[in-house]
Amino acid sequence: MESVTYSPGENDPNEAGWSSDQDSFDDAIWIRASYGVIAGLGILGNALVIFTIARVKALQNLTNFFIACLAATDFITSIFLIPLNMGNYIYQHLSRVVERCR
């Protein structure tokens, strides 16, 4: 929740007596951008690993099959869980904004 304080003796809420925590909004932008970059890199990198192991016959052995399975689970995580987690963060942030507007 954003901390808003009022200095006693000030009559106008638009003057310097009110202080608002703008850093939480800036942090929210960086967190959303980080989630997007992590999801994008996870999807791209793991897709390349899966594609390479599937296409190159010399890489198709038991060890690389295990690596491909790990890449597939990380790929699925990047597609489903990271965006859901980001959506949950955005929902919580927006619910706090709506509470402040009331």
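**View 1. Tyr35 in helix α1.** Let's start with Tyr35, which sits in helix α1, a stretch covering residues 23-55. Helices (DSSP runs of H or I, at least four residues) and strands (runs of E, at least two) are numbered from the N terminus. Please keep in mind that this is a predicted model, where local features need pLDDT of at least 70, side-chain atom pairs count only at pLDDT 80 or more, and totals for chains, interfaces and linings use all residues. Residues are numbered from 1 along each chain as its sequence is written, and side-chain values use heavy atoms, with hydrogens and water left out.

Is Tyr35 buried or partly exposed? Its relative accessibility is 22%, so Tyr35 counts as partly exposed. The cut-offs are under 20% relative accessible area for buried and over 50% for exposed, with partly exposed in between (1.4 Å probe, protein chains only). Leaving aside residues up to four places away in sequence, Tyr35 touches Ile82, Asn85 and Met86; a contact means heavy atoms within 4.5 Å. Pro83 is 48 residues from Tyr35 in sequence, yet their C-alpha atoms are 7.6 Å apart in space.

View 2. Gln60 belongs to the loop between α1 and α2. With a relative accessible area of 40%, Gln60 is partly exposed. Not counting residues up to four places away in sequence, Gln60 touches Ile53, Ala54 and Arg55.

Move along to Asn64 and you are in helix α2, which spans residues 62-101. Why does Asn64 count as buried? Because its relative accessible area is 16%. With residues up to four places away in sequence again left out, the contacts of Asn64 are Ile53 and Leu59.

View 3. Which residues make the nonpolar surface patch? Ile43, Ile76, Ile79, Phe80, Leu81 and Leu84 form it, over about 560 Å². Helix α2 gives the most, with 5 residues.

Patches are built from residues with over 30% relative accessible area and no salt bridge, joining like charges within 9 Å and nonpolar side chains (Val, Leu, Ile, Met, Phe, Trp, Tyr) within 5 Å. A salt bridge is a side-chain nitrogen of Lys or Arg within 4 Å of a carboxyl oxygen of Asp or Glu. Areas come from the Shrake-Rupley method with a 1.4 Å probe; for residues, only the protein chains shown count as cover.

**View 4. The annotated transmembrane segments.** An unreviewed UniProt entry annotates residues 29-53 and 65-84 as "transmembrane region". Such positions are given in the numbering used here, feature names are shortened, and annotations may be inferred rather than shown by experiment. Residues 29-53 are 100% helix and 0% strand, with end C-alpha atoms 36 Å apart. Residues 65-84 are also 100% helix and 0% strand, and there the end C-alpha atoms are 28 Å apart.

**View 5. Stepping back to the chain.** The protein chain has 2 helices and 2 strands, in the order β-β-α-α from the N terminus on. Of its 102 residues, 15% are buried. The chain averages a pLDDT (the predictor's confidence in each residue, from 0 to 100) of 79, and 75% of the residues score at least 70. Over residues 12-19 the pLDDT is below 50, and this stretch has 14 contacts in the model beyond near neighbours in sequence. Where pLDDT is low, the predicted coordinates should not be read in detail.
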